Amino acid sequence: MKEKGSHTGFSSKAGVVLAAAGSAVGLGNIWKFPYEAGENGGGAFLIVYLLCVLLFGMPLLTTEFLIGRKSRKTTFSAFREISGSNRWQWMGWWSAVTIYILMGFYFVVTGWCFNYLYEALFNLYAGMDSAELLTHFAANMSDTPRMIVCSLVPVFLTAAVLWRGVNQGIERLSKILMPLLLVMMIVMAGRVLMLDGSNTGMRFLFEIDFSRITPTVFMKAAGQCFFSLSIGLGLLITYGSYMPDSQNVTMTSLQVVVLDTLVALLAGVIIFPAVFAFGFDPAEGPELVFVVLPAVLQNMSFAWFSGVLFFLLLCIAAITSTISLMEVEVAALTEFSNGRINRRRSVLITTAVTSLLVVVFILSMTGRCPSLRLFGRDLFELADGLVTTFMMPLGALSMSLFAGWFMPSKSIEIIPRSRSRFKRWLRPVFVFLLRWVVPLAILFIFLNGLGVL
Ligand code: PHE
């Protein structure tokens, strides 16, 4: 059932949901969410996070899909197309640049996952205690050739999927990998919940200590919400442009949000009970899954199998996200060149640029090239901070202003009117959220981040 559109797109509604959920579900859910929750009060973080998902996530996700479907353009030119003016073209550039920076960072962490999958497969960290695992993690991180190989493997895998196209590549793969990921996670969560002492972990994640809700927790939760749902970069505009005309956009957004949140919760349910059952600190930081999990998994029955399963899961989640990131650049390049650069050439060019970027990031991170540092920090660290706490929220702010203030006055309405009673109130609620709640909350986050509040 192919429907109208200026370019080929997804062929089924389930395909759209699974591909977009594939973009959303990623390292943000399984790697970042547990350590952010661990550092920021567990249940307190969770409740603020859920609030952000509802207030910012849903309206922004819907907006991005709608901008894409209305314009049938990639992120790069959708704003210009819809507004009918060149004044908004900077958002296309903003998104293209931010996505490249994010890819530099994201592929490095995906490389860590592939490294650990390899180590789990060949039992390379077996028998190490937690202190040794920490040193092992640090040693891996500074091993330049290993990091380059491990990060370029996912770049090429992603390119191979994109090479096959939107429908044959992205959609087909998402339909296999996403259900597989969910089943694998449910199996793991079931195993972990059978551990003695898993209650403490569940209480840590689900019991809310209101005194721990601070502006900083709010800022972290909002950043996590943007990152985890892949919003604020306009990425889902490109996916929206592949969406069939008859698809209900609000329902699709809701399904993506529910799946994404479910996976983050499952990751928490896998990680925290295990962390507490084995006496680790939940506030371990970014190395949480890479240090604590191998330690925990080795002490469980079926250690080898569990280790391989967990890291495979992480790699799958990461790949479905890198596919969406690279797709936006591939589609933008083809569109920007007016089709002179065809899709496959565009995949090759994007892969080359991304590979180069990833290598530069790794050289900067491992200290091989001390000149590749800025403001005393390596590029990896800078990109993480810059993208999640600055560029994504700023993108989300611009998107909400665009949709909330500039769109309704145009002939094309972003949030469609509807006669059904439920949907009739949905529109004013979304417009209110986009006009006031999202921009003011992001402003608050910035002011707090700058130390003004
Ligand atoms: N949402 C992805 C994750 O949770 C990360 C991502 C962000 C992917 C932005 C695409 C765009 O890991």
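Leaving aside its neighbours within four places in sequence, with which residues is Thr 110 in contact? In this predicted model, local features need pLDDT of at least 70 and side-chain atom pairs count only at pLDDT 80 or more, whereas totals for chains, interfaces and linings use all residues. Residues are numbered from 1 along each chain as its sequence is written, and side-chain values use heavy atoms, with hydrogens and water left out.

Thr 110 is placed in helix 5, residues 89-121, where helices (H or I, at least four residues) are DSSP runs numbered from the N terminus. Apart from neighbours within four places in sequence, Thr 110 is in contact with Leu 27, Pro 154, Ala 318 and Thr 322, contact meaning heavy atoms within 4.5 Å. Thr 110 counts as buried because its relative accessibility is 0%, the classes being buried under 20% relative accessible area, exposed over 50% and partly exposed in between, with a 1.4 Å probe and protein chains only. The side chain of Thr 110 also reaches the backbone oxygen of Tyr 106 at 2.7 Å.

Tyr 106 is in turn one of the closest of the 17 residues that surround the ligand, together with Ala 24, Gly 28, Phe 227 and Ser 230; a residue is counted here if one of its heavy atoms lies within 4 Å of the molecule. An N or O atom in the side chain of Tyr 106 is 2.5 Å from an oxygen atom of the ligand, while a backbone N or O atom of Ala 24 lies 2.8 Å from an oxygen atom of the ligand. For Ser 23, a backbone N or O atom lies 3.3 Å from a nitrogen atom of the ligand. Of the 320 Å² of accessible area that the ligand has on its own, the protein covers 100%, as given by the Shrake-Rupley method with a 1.4 Å probe.

Ser 230 lies in the loop between helix 10 (215-229) and helix 11 (235-241), and although not a glycine, Ser 230 has a positive phi of about 60°. With a relative accessible area of 8%, Ser 230 is buried. Asn 123, in the loop between helix 5 and helix 6 (130-141), likewise has a positive phi, of about 55°, without being a glycine, but Asn 123 is partly exposed, with a relative accessible area of 48%.

Val 452, found in the segment after helix 17, is exposed, with a relative accessible area of 57%.

Notes. Helix = DSSP H or I, 4+ residues; strand = E, 2+ residues; numbered from the N terminus. Polar contact = N/O pair within 3.5 Å; in protein donor to acceptor, adjacent residues only side chain to side chain.
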